Amino acid sequence: MAYKIVASQCTACSACEPECPNVAIYEKGGTFVINPKKCTECLGHFDIPQCVAVCPVDNTCVIDNSVPRYQAPA
Amino acid sequence: MQKLLQLHDFGGPGGKTLDDVRREAAQTGCSSTGGSGKASCGSGAGQGDLPPEIWDKVKNHPCYSEQAHHHFARMHVAVAPACNIQCNYCNRKYDCANESRPGVVSEKLTPEQAARKVLAVASTIPQMTVLGVAGPGDPLANPGKTFKTFELVAATAPDIKLCLSTNGLTLPDHVEQIAAMNVDHVTITINMVDPEIGTKIYPWIFYNHRRIEGVEASRILSERQLLGLEMLTARGILVKVNSVMIPGVNDKHLVEVNKAVKSRGAFLHNIMPLISAPEHGTVFGLTGQRGPSAQELKALQDACEGEMNMMRHCRQCRADAVGLLGEDRSAEFSTDKVMEMDVNYDLAARQAYQAKVEQEREVIAKAKQAELAKLVDETSDIKILVAIATKGGGRINEHFGHAHEFQIYEASSAGAKFVGHRRVDLYCEGGYASADGVEPILRALNDCTAVLVAKIGICPKDSLEGAGIEAVESYAFEFIEQSVIAYFKDYLARVGKSEIRHVARGDADIRQGAFTET
């Protein structure tokens, strides 16, 4: 799994972009998106995903069940 | 001890204790004068007993000097969309063309676009003296974008003063950079110094990579705000404090906030009414939290004025506002238009224009003094509010039907004092009176005895008089304060001769939202 940003909710405020420890968040088509290949759900970095913690609109940064769960390096 | 360590951590003045810093801060801030107990600085009409170096910094700043706001313009560039705290009076989700309030903008800019826009505006509006970054998020939650903008503007338009507005959470981390970039005005929004009260205003903050809620969030925010304030004033950077007045939440507490910020060297306090229309979708809007009435706001500002002068001319501008306070020219300077504009930044022409404005201000000040001298023998206790229709320049030069707002002055035997402004919907549009009629304007001016205008039609004049408000055209195109004093003297004379009877007026409405011309 990775986190994804619900485009219809995103205000493009950019608060999440600099907080992502994996530089997985970028602007695309007027909103922000998360590259699932880079997202580690903040495992090993922080207790809670930074995009979820900083996003001002609730339920905008949510789990994306369509991608496989992140595998932390052994 | 905790605070002393923090000061040191953030590069506070070497070897100084917090008490030293506080003492210095108090010296650069307001000092009380004996008799009246009134603070010796603020946004009054003239220099007063402000130290010359502070007056020099504020005299052409429309947001810091009530007098300057008639003559000088400012612009905000919306380069800072991210925020690190959540306020119950803010909703980041909606950016609707029909609404206007702080935190809402039409388009966000890159620092390069912003610098281009500043040059375009400054070339078009020679009165533009101040560039502010005020969001739409928090400028210091976007430090890279904010400081890059300042750097670009300072390189190309060195005469423009830089200022920023912040919630203060990361302020202590940025004080050194603010000082290094020659930013000499900072506004901090401080709504409480009691974290228990803060819990009703701030649901969470994002700090040290954590979302923090409850009383801890407000405690951290308050500590960081006050520390940042102390660090700025210790460096001689002027600090204004903004507070949002929320009836039943922090209205009484703001007197304590006023004392706390004054003792730390803030030189001006701006208490603004809560904006909480339900359609804005803010927590306060949705829970039915009301904003203050005009008289509640004035009473609180008056109560704090014993401590320090209060700012009363704030229009709660958008983070992309352009022009004089009370006008909005941002639509003329959209990114598309700015990119096509022929930009000719003529520093000498700007300075020549501003010198002319200075001369005009001196004439206005002398005219006021001369009129004031005629009040010397008056000992009446009567105080009245007078509304003014103006489009700037310190004159009564607006048609009643064309006024987007009225400026309110309190007239007494002490003279004319600016006490605020009231936004209204245009009465007259395209030559026709508005469908809603004059009623909303009557409610906005209900506490006023008279309205001085350049011109007014017969119908609205009759409506005003029916509501007990005298509409006066005889001071058309004259200076505002001089005219208010002259009207007051005439009013007293008529009361003395029993031609009219002085009656106390009621309360008035504050219209929701920041100023915009649509």
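Tutor: Helices (H or I, at least four residues) and strands (E, at least two) are DSSP runs, numbered from the N terminus. The model is predicted: local features need pLDDT of at least 70, side-chain atom pairs count only at pLDDT 80 or more, and totals for chains, interfaces and linings use all residues. Residues are numbered from 1 along each chain as its sequence is written, chains are lettered from A and ligands numbered from 1 in the order in which they are written, and side-chain values use heavy atoms, with hydrogens and water left out.

Student: Let me start with a helix, then. How far apart are B:Lys148 and B:Glu151 in helix α5 of chain B?

Tutor: They are separated by about one helical turn, because B:Lys148 and B:Glu151 are three residues apart in helix α5 of chain B. Their side chains meet in a salt bridge, at 3.9 Å from N to O. The term stands for a side-chain nitrogen of Lys or Arg within 4 Å of a carboxyl oxygen of Asp or Glu.

Student: How many salt bridges does a search of the whole structure find?

Tutor: Over all chains, the search finds 27 salt bridges.

Student: And how many of them lie across the interface of chain B and chain A?

Tutor: The rule finds one across that interface. In it, the side chain of A:Asp58 meets that of B:Arg211, with 4.0 Å from N to O. On the side of chain B that touches chain A there are five nonpolar, three polar and five charged residues. Here Ala, Val, Leu, Ile, Met, Phe, Trp, Tyr, Cys and Pro count as nonpolar, Asp, Glu, Lys and Arg as charged, and the others, Gly among them, as polar.

Student: How many residues does the contact take from each chain?

Tutor: Chain B gives 13 residues and chain A gives 17 residues, where contact means heavy atoms within 4.5 Å. About 1200 Å² is buried between the two chains, 54% of it on carbon and sulfur atoms. That is the accessible area (1.4 Å probe) that two parts lose on being put together, summed over both.

Student: Where is the place of A:Cys42, and what is its phi?

Tutor: A:Cys42 is in the loop between β3 (31–34) and α2 (50–54) of chain A. Its phi is near 70°, a positive value in a residue other than glycine. Most residues other than glycine have a negative phi, and most peptide bonds are trans. In chain B, a cis peptide bond joins B:Gly135 and B:Pro136, with omega about 15°. B:Pro136 lies in the loop between β3 (128–133) and α5 (143–156) of chain B.

Student: New topic. In what order do the seven strands of the open sheet in chain B come?

Tutor: The order is β9-β8-β5-β4-β3-β1-β10 in chain B, with mixed pairing. At the edges are β9 (268–273) and β10 (322–324) of chain B, each pairing on one side only. Strand β1 (residues 73–76) of chain B pairs with β10(B) in the antiparallel sense over three bridges, and B:Arg74 has B:Gly323 in β10(B) as its bridge partner.

Student: What does α5(B) lie across?

Tutor: It lies across β3 and β4 (161–166) of chain B, running at about 170° to β4(B). Such angles run from 0 to 180 degrees between N-to-C directions, and the axes are lines fitted to C-alpha atoms, for helices over the stretch in contact.

Student: Which strands form the open sheet of five?

Tutor: They are β13-β12-β11-β16-β17 of chain B, in that order, and the pairing is mixed. The edge strands are β13 (415–423) and β17 (470–472) of chain B. Strand β11 (residues 384–388) of chain B runs parallel to strand β16 (residues 450–452) of chain B, and three bridges join them. B:Ala387 stands opposite B:Val451 in β16(B).

Methods
Pairing = 2+ DSSP bridges.
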